[in-house]
Amino acid sequence: MRFPLNRAVSFVLRAIPCCLLLLPASQASADEISADEAKLQAEARGVFKQQVTPFIRKYCTGCHGSRPEAGINLDSALQDPSATSSFLHFQKAASSVKVHDMPPEHADKQPSDEERQQFLEAIRCLKYMAPRDPGPFVIRRLSRIEYGRTLRVLYGVDESITAGLPDEVPGEGYLNSISPMQSELYLEIANRVVNQVLPPECRKQTRRPHPVLGRVPGRRDDPRAMARGVARNLARGAYRRPATDAEIDVLVGIFDLGRQNGLSYTESLILMWKGILVSPQFLFITPATPLASTGTIAPLDDYQLASRLSYLLWSEPPDAVLSGLADRGQLQQPEVFRAQVQRLLSDTRLSALFDGFGAQWLGLSGLKDQVFDPQVYPQMTPTLRQAMLDEARLFFLSVVQENQTVFQFVDSDYTFVNQSLAEIYGLSQPVSGSAMRRVKLQDPNRGGVLGMPAVLASTSFSTRTSPVRRGVWVLEQILGERVPPPPPDVPQLQAQDQTSRKDLTLRELTQLHQSQASCTNCHKVLDPIGFGLENFDGIGRWRQTDASGVLIDSAGVLPTGQSFSTPAQLKQVLSSRRDDIARNVIERLTAYAVGRPLEGYDELVIDRLMEKIGKDGYRMRTMITEIVCSDLFTYRRVQQ
Amino acid sequence: MGQSALIARRSVLRGAGVALGLPWLSSSASAASALPSRPPVRLGFMYMPHGVIMDQFWPKSASEFLTSPPPALQSLQPILDQCLMIKGISGVPISPFNGAPHALELSTWLTATLPDADTRGRVNIAISADQIMANYVGPQTLLPSLELATMPQTWKENQEGLHEAYYSHCSYRSPTQPVPAEIDPRNVLNRLFGRRDNPGQMVRANPLDRQMLDRVLGGARDLRRTLGRNDQMKLDEYLDSVRAVERRVAAIESRQQAAAQEKSGRRKDSSTAAAPIEIRIPEGDKRSEYMQVMCDLTVLAFQTDTTRVSTYIGSTPNGVSYPELGFTNQHHSQTHHENREEMVSKVAAITKFNIDQFAYMVKKMAGLPEGDGTLLDNCIMLWGSGLEDGNRHTRQNLPFIIAGRGGGTLNTGRFLSDVSGNQGDLLTTLLSCAGVPLDRPIGIATKEISEMRVAGK
C-alpha cells in the first residue's frame with residue numbers, strides 16, 4: 001500500500017522545474033524556497049504530527065524519553081524534528097522498528113505489522129521538513145594523493161616526493177585535519193621540491209629564463225616589481241585562484257626577507273616559493289571571495305567549483321580549460337559546467353575516481369596487504385593481486401566511461417584479464433602475457449563484481465572463504481543496507497580444521513547461527529547470500545567441492561521467498577532490487593563527493609536524484625553529472 | 001603488513017643523534033629552558049588491542065609478582081622491580097555504543113571519554129592525555145610529541161555509525177583533531193635527526209625558514225578573517241600546527257649553537273649520559289624487528305630529549321595477523337576463543353609477543369645511564385590494552401603494565417591487586433607524576449590513584 005503523501009510528493013517533484021534541482025540562476029537569492037517546496041514542507045509537517053508523533057508517544061518515549069535509554073532521546077527529537085541530531089535518533093528508531101527489535105519483546109504494547117509499516121512510511125516525511133542545506137563546506141585540506149599530484153602537475157616532480165605523509169582514507173571518512181607532523185613534512189617536502197626543480201648548484205644567475213621563476217633581472221629592471229610578477233604567477237597555480245593584493249604583499253614580504261638577509265634574487269624567490277608551498281591557500285581549497293555576511297547558503301565561487309570538480313574526478317588541480325572558464329566567470333552556467341563534467345569523465349585521468357572511490361566502495365583497499373596462507377593459496381603472488389585490482393579498475397572505468405547502467409556492476413558479460421587472471425577464471429580461450437585485455441564471458445556465474453576475484457578474495461579469510469563476510473559485503477556494498485555488528489559474547493566460527501565440530505561442513509557450522517535467537521534475524525539474510533557464492537574459493541576460483549572434498553551446496557532462499565541455486569541465479573535475484581542498488585551507489589558517490597556522511601536534508605536531494613537519474617535508466621555518467629550539479633556539491637553553508 | 005616495501009634497504013646509522021639530538025645534558029637543559037638540573041620525566045604509551053588471556057597475565061598474588069610472575073610477563077623478569085602492575089582499572093562504559101567495542105577500545109584509551117553521540121559521523125571526542133602533556137612540555141623540545149604505529153591508520157569499518165578514524169587513532173590534539181602516527185622508521189629517523197643518509201636533501205635549521213613561516217602565519221590570519229566560523233576553526237588547526245614547526249626550527253637552532261659551543265670548548269658536557277643508541281633499520285618484514293626499531297626510536301627520542309611524550313600503537317584492531325608466530329589467523333578472530341585451547345594459546349602467544357617488544361624497549365632504557373640513575377628511572381612507560389577479555393569484550397580490569405619510576409614518583413616493584421579506579425583516574429595520576437598540572441580531570445576521572453605513588457612524592 002502506498003502512502004498518500006508519497007504520491008503527492010512524487011507528483012509535485014515531477015512538477016518542479018529542472019533549474020531548481022540544478023544550478024539556480026545566480027541572481028535569485030539562494031535562500032528563497034519555491035512555493036512547491038513550501039507546500040511540501042507544510043504537508044510533511046502535517047504527516048509528522050498525525051502519524052509519527054502518536055506512534056512514538058505510544059510505543060517509544062516510555063523508555064526513550066527524558067531519561068533516554070541507550071542514548072536515544074525521542075522526546076527532544078519530537079521537539080525539533082528537523083534538526084540533524086533528531087534525524088539520527090529517528091533513523092535509529094526506524095531501523096529498530098523495522099527489524100522488530102523495538103519495542104522490546106517484554107513491552108506491554110506492541111504495534112501491529114500494519115502500524116509498523118505505516119510508521120516507517122510516514123517517518124520518511126522528515127526529509128521534507130529539513131531546511132535547504134548543502135552542509136558545511138569547510139575549507140578542505142588536499143589529501144596526500146591530491147597534494148602529490150598537484151605538485152607533479154605544477155612543477156613536474158614525481159608524486160613520491162610526498163614520502164612520509166601518512167596514508168589517508170578519502171571521501172566520507174576523510175580526516176580533514178592537520179597535525180604538527182604533517183606541517184613539518186609540508187616544509188620538508190617544499191624544500192625537496194625547490195631543490196629538485198632548481199638544484200642549489202644551478203642557482204647562479206644565468207641568462208636563460210627558468211620555467212618557474214622566470215628570468216633574472218637585468219640592470220634596468222626593478223627586481224622587486226619582477227618578484228611581484230613571479231609571486232602572482234606562482235600563486236595563481238598554487239592557490240588555484242588569483243591571489244588578492246594582500247596575499248601578494250605577504251609573498252613579496254618573504255622575498256624582501258631573503259634580500260635583507262643577503263640572499264640572491266633567485267634564492268629570495270625560492271624562499272618565497274617555499275612560503276607559497278606551506279601556505280593554507282595551497283594546502284587547502286579556499287574560497288576566492290570573502291564570505292557574504294547575509295543569507296544561510298551561498299553558491300561556491302567559480303574557482304572553488306573548478307577545484308572541487310577537478311579533485312573529485314581527477315585528484316588533480318583544475319587544468320587550463322577549467323581555470324580559463326573560472327577566470328571568465330562562466331563555470332556556473334549550467335550548460336558550461338555540464339560540458340566540463342563530460343570532458344573530465346572522458347579523460348584517462350578519471351582513473352583517480354577508481355583509486356579514491358571505486359576501490360573503497362568495493363572494499364578492495366586492503367587487498368594488497370591482506371594475508372593469505374601461502375600453504376593454501378600459493379598462487380596469491382603480488383603480481384596476481386595486482387592483476388585482480390587492475391581488473392576491478394578497468395571494469396569500473398568501462399562501466400562509467402561507456403555510460404552503462406549501474407546494474408552492469410552486478411551483472412555483466414565481459415571483464416578484463418591477463419594470463420594469470422585467466423587461469424583463476426579458468427577461461428577456455430587462450431590468454432597469454434601480463435597485459436590486461438577485455439574478454440567476453442560465456443559463464444553466467446561470472447561477470448560483475450560478485451564473481452570478480454578481487455572481491456571474492458578480499459572477503460575471505462587467510463585459509464578459507466567466509467560466507468558471512470561475503471553476505472555482509474553484498475548487503476552493505478551492493479544493496480546499501482547497514483548490517484548491525486554481532487552482539488558481544490559471540491564467538492566467530494572456528495576454521496574448518498578445528499576438532500570439536502570436525503564432522504560439520506562450513507555450511508552446517510554457519511547454520512548454527514540460525515539456531516540462536518539473537519543471531520537468526522541477521523544470519524537468515526546473510527548466510528544464504530554468502531553460500532550462494534561458495535562455489536568461488538578464497539581467491540575466486542570455481543570449485544565443486546570444498547577443501548575437505550564435500551560437494552558445495554550453493555542453494556538458498558531469501559526471507560522474501562526468492563530462491564536460487566547458482567551464483568548466476570543469485571545475481572538475478574539481486575538484480576531485481578534495482579532501486580536499492582542504484583540508491584546505494586548514488587548515496588556512496590554523493591558522500592564521497594562532499595567528503596562527509598549524508599544526513600538530514602541530503603536524503604531529500606538523494607530522492608530527487610533517484611528520480612532524475614532513474615529516468616535515464618541509472619546510467620553512470622548521468623549519475624555522476626547529476627550529483628555534481630546538485631545543491632550539495634555546488635553550494636556551501638554560510639553560517640549555522 | 002607491507003612495511004617491507006617501505007623499508008627498502010638495510011641501513012645502519014651509527015650515533016645518528018650526535019649533531020642535533022644531544023643526550024639530555026644538565027648544562028644545556030638549564031641553559032635552554034631554565035629547568036632545574038634534574039632529568040625531565042618522559043611518558044610513553046604502547047598499545048595492543050583485544051585484551052589478554054587473564055590467567056596468564058595477572059600475577060597470582062602481590063607476593064608472587066617478583067618471584068614467580070605469570071607467563072606473559074617473563075621477558076620483563078629482570079626489571080620487574082622497576083615495574084608496577086595494577087588491577088582494578090575499569091574502562092569507559094561504552095553504552096550507547098554497545099555495538100562498537102573495537103572502534104572504542106583505542107579511541108577511549110587515552111581520552112577516557114566517549115565520542116559525542118550526536119555527531120558520531122565526525123570525529124568529536126576529547127584531547128588525549130599524551131597531547132595534554134605535549135601542550136605543557138612540548139615547547140621545550142624539538143618535537144612536541146611522537147606518534148608511532150605499526151599499521152597504516154586506514155581501517156574502514158563502520159560500527160554504530162562512528163567515524164572510522166576512531167578505529168585506529170589514540171592521540172587527539174583537540175576533540176576534533178586526531179593526530180596521525182608514523183609507520184615508517186626511516187621517516188621517524190629523518191624527523192628526529194635530519195636526513196643524514198642523504199646529505200644536501202634537507203635544509204636543516206634555516207633561521208630564515210622560521211621567519212618565512214612567521215610571515216606565512218601572518219597571511220593565514222588575514223585569510224582567517226574572511227572565512228565562516230567552521231572554516232576558521234579548521235584554519236586554527238593549521239595555525240597551531242605551523243607554530244609547532246616554528247618552535248621546532250627554533251629549538252634546532254639553539255641546539256646547534258649548544259653543540260658548536262661544546263665543540264669549541266666554550267661549554268662542557270657535565271652529564272654522565274651514555275652515547276646515543278644506534279638505530280638499525282631492518283631489511284625484511286619480520287614484525288618483531290620492525291617493532292623493535294620503533295621501540296629503539298622511542299628510546300633514542302627520549303634519551304636525546306628530542307621529545308618527552310610518545311605513543312606507539314603496536315597493533316590495530318582487526319585485520320592483523322602474526323605470521324612470525326607460525327599461524328596466519330587474525331588476532332581478532334582468535335580472541336573470540338570460547339576457551340578453546342588452540343585459540344587461547346594463540347592469543348596468549350600474540351600477547352606475549354607484544355609484551356616482549358615492550359620489554360625490549362624498557363630493558364634498553366634501564367641500561368642507559370642518566371643523571372644519578374638510568375633513563376628508565378626518569379620515564380613512565382605504560383603498556384596496555386583497551387579490553388580485558390577479548391572473548392567477552394569486558395572492560396572491568398583493563399590490563400596495564402607500567403615500567404619506570406617516573407623520576408622517583410612511582411613506587412615500583414609491586415602488584416596492586418585491588419585498585420579501585422577508572423582509566424581517567426590512571427591517566428590523571430600518570431600526568432601528575434610527570435609533573436603536568438591539570439586544570440580539569442581527564443575524561444571520567446574522579447581522583448588520583450595515590451597507592452601508585454611513593455608516599456610524599
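This report walks through some features of a predicted model, from chain A to chain B.

## Chain A at a glance

Let us start with the overall picture. Chain A holds 28 helices and eight strands. Of its 640 residues, 44% count as buried.

## Two helices side by side

Two packed helices are described by the angle between their axes and the distance between the axes. For helix α10 (residues 223-238) and helix α12 (residues 265-277) of chain A, the axes come within 11 Å and cross at roughly 30 degrees. Angles under 35 degrees count as roughly parallel, and α10(A) and α12(A) are therefore roughly parallel to each other. Their crossing is right-handed.

Which residues make this contact? From α10(A) come P223(A), A227(A), V230(A), A231(A), L234(A), A235(A) and A238(A), and they meet Y265(A), L269(A), M272(A), W273(A), I276(A) and L277(A) of α12(A). By type, the residues of this contact are 13 nonpolar, with no polar and no charged ones. An α-helix has 3.6 residues a turn, so residues three or four places apart point the same way.

## An enclosed helix

Now look for helix α17 (residues 351-361) of chain A. Nine of its 11 residues are buried, so α17(A) is largely enclosed by the rest of the structure. Among these buried residues are L353(A), F354(A), F357(A) and W361(A).

What surrounds them? The buried residues of α17(A) pack against α14 (302-314), α18 (382-401), α21 (467-478) and α25 (578-594) of chain A. After α17(A) comes G363(A), which has a positive phi, near 70 degrees.

## Where the chains meet

## A sheet in chain B

Chain B has an open sheet of seven strands, in the order β5-β9-β2-β12-β13-β3-β14, with mixed pairing. Which strands sit at the edges? They are β5 (146-149) and β14 (414-416) of chain B, each pairing on one side only. From one strand to the next, the twist averages 15 degrees.

Inside this order, β3 (residues 83-86) and β13 (residues 400-403) of chain B pair in the antiparallel sense over three bridges, and L84(B) stands opposite I402(B). Helix α6 (residues 129-137) of chain B packs on the sheet, where it touches β2 (42-47) and β9 (309-313). The direction of α6(B) makes about 155 degrees with that of β9(B).

## Backbone details to look for

One joins M102(A) and P103(A), with omega about -10 degrees, and P103(A) is in the loop between α5 and α6 of chain A. Another joins S95(B) and P96(B), with omega about 10 degrees; P96(B) is in the loop between β4 and α5 of chain B.

Two residues of chain B have a positive phi without being glycine: A112(B), near 50 degrees, and E338(B), at about 50 degrees. A112(B) lies in the loop between α5 and α6 of chain B, and counts as buried because it has 23 C-beta neighbours inside 10 Å. E338(B) lies in the loop between α11 and α12 of chain B, and with 14 such neighbours inside 10 Å counts as partly exposed.

Methods. Residues numbered from 1 in each chain as written. Chains lettered and ligands numbered in written order. Predicted model: local features only at pLDDT ≥ 70, side-chain atom pairs only at ≥ 80, totals over all residues. Axes fitted to C-alpha atoms, helices over the stretch in contact; angles between N-to-C directions. Helix = DSSP H or I, 4+ residues; strand = E, 2+ residues; numbered from the N terminus. Parallel < 35°, antiparallel > 145°, perpendicular 65-115°, else oblique. Left-handed = near helix turned anticlockwise from the far one by under 90°. Contact = placed C-beta atoms within 7 Å. Nonpolar A, V, L, I, M, F, W, Y, C, P; charged D, E, K, R; others polar. Buried ≥ 20, exposed ≤ 12 C-beta atoms within 10 Å, placed from the backbone. Pairing = 2+ DSSP bridges.
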